[in-house]
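Please keep the sequence and the structure in view while reading.

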Amino acid sequence: MTMLSEWFWWDRLWLPRPVTWADLQDSEGRVYARVSHLYIILPVAVLLLGLRAFYERLIAVPLAEALGVKDKIHKRASHNPVLEKYYKTHSKHPTQANIKGVCKKLGWSERQVERWFRRRRNQDRPGVLKKFKEASWRFAFYLCSSFGGVLALHDKPWFYDLREMWAGFPKQSLLDSQYWYYIIEMSFYGSLLFSVAADVKRKDFKEQLVHHWATLTLLSFSWCANYIRIGTLVMLVHDTSDVLLESAKMFNYAGWETTCNSIFVVFALVFMVTRLIIFPFWLIHCTWVYPLDQFEPFFGYYFFNVMLVVLLLLHVFWASLILRMVKKFIFGKLKGDERSDEEEDEEGSEEDYTHTYSNGSGNGLSNGH
């Protein structure tokens, strides 16, 4: 374990030549980031989960009522052990051939079996109120973190001149504003990982997990290697568009279609500018090109830039979803979020049932995400 620890914390992996960890010891009023500083993230993440519970109960629910958000009342599927077992162990979306087999066992008509599966799936789908509470919490956090980020960075020279990002690197003293900005942001993403099982699952669930892990890995590494200045800018760029996204969701759940669509258009523009222009052509360029004026490339330099590229690829993926929604918006076919599944009509026509199950799937493209 000692050898593994020595190898992991080898100076040449984390720091440029000729800097060593001994050069980053607190002295003469200068304070440097420490791994031990990150231990507080776990309790703060748990604290944020508790704060979220209080927020959703005391603020999000009354706000939802004020905006007219209500869960749709669905008819529950009748209790049937045979169908319930099939639903849980085989498929939630049986094919037409499977439906016929179940009909023979139960003596039901195909329409009755189809309606049962349709109602059963709707039972498992999260209600609009749950989605609203989740979006409201994220909106509140991203709004506060964006304002906090601006307050922490507005008077810093590297906020206006990216070359200042590397002045004196890696011997850059840690500021209180940077410390709390990092700790709260990392704790929030940690809390999202803790709550992932209970939160609404969407089509980009795997991409969201990759994003959360990549973000935590990137922030943790940037903290330990003292890439803190660029890390704060990356966080600010990401949070800005998320504020608009979550607010658009809230108005969508409330049925305020015009307001939702207007915010969505602004969100799409901000997302494209911040994630596909500023992030790659300003921030990644800043981390890829400018450091070479100060030191030779080392492992940490390559690792940090690779993680930024991973985030960029995720941005491209989400940008494709946004563009699909913009296309539907222009042609008047936008009904929600490309990432969500649509609630099914429990009393649909025979033609709808046949079309749905002959393709082996009852998923829609959107659902007022």
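Arginine 275 is buried, having a relative accessible area of 3%, where buried means under 20% relative accessible area, exposed over 50% and partly exposed in between (1.4 Å probe, protein chains only). The model is predicted: local features need pLDDT of at least 70, side-chain atom pairs count only at pLDDT 80 or more, and totals for chains, interfaces and linings use all residues. Residues are numbered from 1 along each chain as its sequence is written, and side-chain values use heavy atoms, with hydrogens and water left out.

The side chain of arginine 275 meets that of aspartate 242 in a salt bridge, at 3.2 Å from N to O; the term denotes a side-chain nitrogen of Lys or Arg within 4 Å of a carboxyl oxygen of Asp or Glu. This pair links distant parts of the chain, 33 residues apart, with arginine 275 in helix H11 (residues 257-288) and aspartate 242 in helix H10 (residues 228-253). Helices here are DSSP runs (H or I, at least four residues), numbered from the N terminus. Aspartate 242 is also buried, at 12% relative accessible area.

In total, the structure holds eight salt bridges. Another of them joins lysine 88 to glutamate 84, with the closest N and O atoms 3.5 Å apart. These two residues lie four positions apart in helix H4 (residues 81-89), so about one helical turn separates them. Lysine 88 counts as exposed, at 62% relative accessibility.

Helix H10 also packs against helix H8 (residues 176-194), at an angle of about 50° and with the axes 11 Å apart. Axes are lines fitted to C-alpha atoms, for helices over the stretch in contact, and angles run from 0 to 180 degrees between N-to-C directions. H8 is therefore oblique to H10, given that angles under 35 degrees count as roughly parallel, over 145 as roughly antiparallel, 65 to 115 as roughly perpendicular and the rest as oblique. The contact (heavy atoms within 4.5 Å) includes Tyr181, Glu185 and Tyr189 of H8 and, among the residues of H10, Met235 and Leu236.

H8 has a further partner in helix H7 (residues 128-153), the two packing at about 160° with axes 10 Å apart. H7 and H8 are therefore roughly antiparallel to each other. Tyr181, Glu185 and Tyr189 are among the H8 residues in this contact, and Trp137 and Phe141 are among those of H7.
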